[in-house]
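Open the model in your viewer and keep the sequence panel beside it. This tour goes stop by stop, telling you what to select and what is there.

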Amino acid sequence: MLRYTLMRLGVFAGCLVVVWGLVYSGVLPRGLGDSNGMWVVLLALIVSGPISFVVLRKERDRASVTVVQRVDRMKANLDANRSQEDEAVDAAEAQSHAQGQTS
């Protein structure tokens, strides 16, 4: 997941440099007043989104598989813990029931 995030930030940084160059050279319009920095960042976000979606598809799928495996492992551990708790509760109930009959 970290690798995908870093790659996504790299795509955004590249788009930010390109958009800044285009705005600075006059190819793209400047923002209103002091909002030029916000305008450049917004355009870079809009451009980098679809590029990341297409270019980083394989990396996103790998990250997704890793996340799914971790979630499945955690679910299995939780189920194992639940079954151990259930067995302990059942054993305690059986013991108290047995003691109640002998008294």
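The stops below run from the whole chain to single side chains.

**Whole chain.** Remember that this is a predicted model. Show it as a cartoon. You will see three helices and zero strands. Along the sequence the pattern reads α-α-α. Of the 103 residues in the protein, 16% are buried. Now consider contacts with a separation of 6 or more: residues 24 or more positions apart account for 64% of them. The protein exposes about 8,100 Å², and 64% of that comes from carbon and sulfur atoms.

**The nonpolar core.** Select Tyr4, Val11, Phe12, Cys15, Ala44, Leu56 and Ala63. These seven residues form the largest nonpolar core. Which helix gives the largest share of this core? It is α1, with four residues.

**Cys15.** Stay in the core and pick Cys15. Setting aside neighbours within four places in sequence, Cys15 contacts Ala44, Val47, Ser48 and Ile51. One of these, Ser48, is the next stop.

**Ser48.** Select helix α2, residues 36-55, and find Ser48 in it. Is Ser48 buried or exposed? Its relative accessibility is 4%, so Ser48 counts as buried; the cut-off for buried is under 20%. Display its side chain. A polar atom there lies 3.3 Å from the backbone oxygen of Leu45. Beyond residues up to four places away in sequence, Ser48 touches Val11, Phe12 and Cys15.

**Ser52.** Move along to Ser52, also found in helix α2. Ser52 counts as buried because its relative accessibility is 1%. What does Ser52 touch, not counting residues up to four places away in sequence? Its partners are Arg8, Val11, Arg57 and Arg60. Show those side chains with Ser52 to see the set together.

**The aromatic pair.** Finish on helix α1, residues 2-25, and select Trp20 and Tyr24. They sit four residues apart, about one turn of the helix. The structure holds one aromatic pair. The ring centres of Trp20 and Tyr24 are 5.2 Å apart and the planes meet at 15°, so the pair is stacked. The angle limit for stacked is under 30 degrees. Colour both by accessibility. Trp20, at 48% relative accessibility, counts as partly exposed, whereas Tyr24, at 56%, counts as exposed.

Note on methods. Residues are numbered from 1 along each chain as its sequence is written. This is a predicted model: local features need pLDDT of at least 70, side-chain atom pairs count only at pLDDT 80 or more; totals for chains, interfaces and linings use all residues. Side-chain values use heavy atoms; hydrogens and water are left out. Helices (H or I, at least four residues) and strands (E, at least two) are DSSP runs, numbered from the N terminus. Buried means under 20% relative accessible area, exposed over 50%, partly exposed in between (1.4 Å probe, protein chains only). A polar contact is a pair of N or O atoms within 3.5 Å; within protein, one must be able to donate a hydrogen and the other to accept it, and residues adjacent in sequence count only if both atoms are side-chain atoms. Contact means heavy atoms within 4.5 Å. Rings of Phe, Tyr and Trp (its six-membered ring) pair if their centres lie within 6.5 Å; planes under 30 degrees apart count as stacked, over 60 as edge-to-face and the rest as tilted. A nonpolar core is a set of buried Ala, Val, Leu, Ile, Met, Phe, Trp, Tyr and Cys residues joined through side-chain atoms within 4.5 Å. Accessible areas come from the Shrake-Rupley method with a 1.4 Å probe; for residues, only the protein chains shown count as cover.
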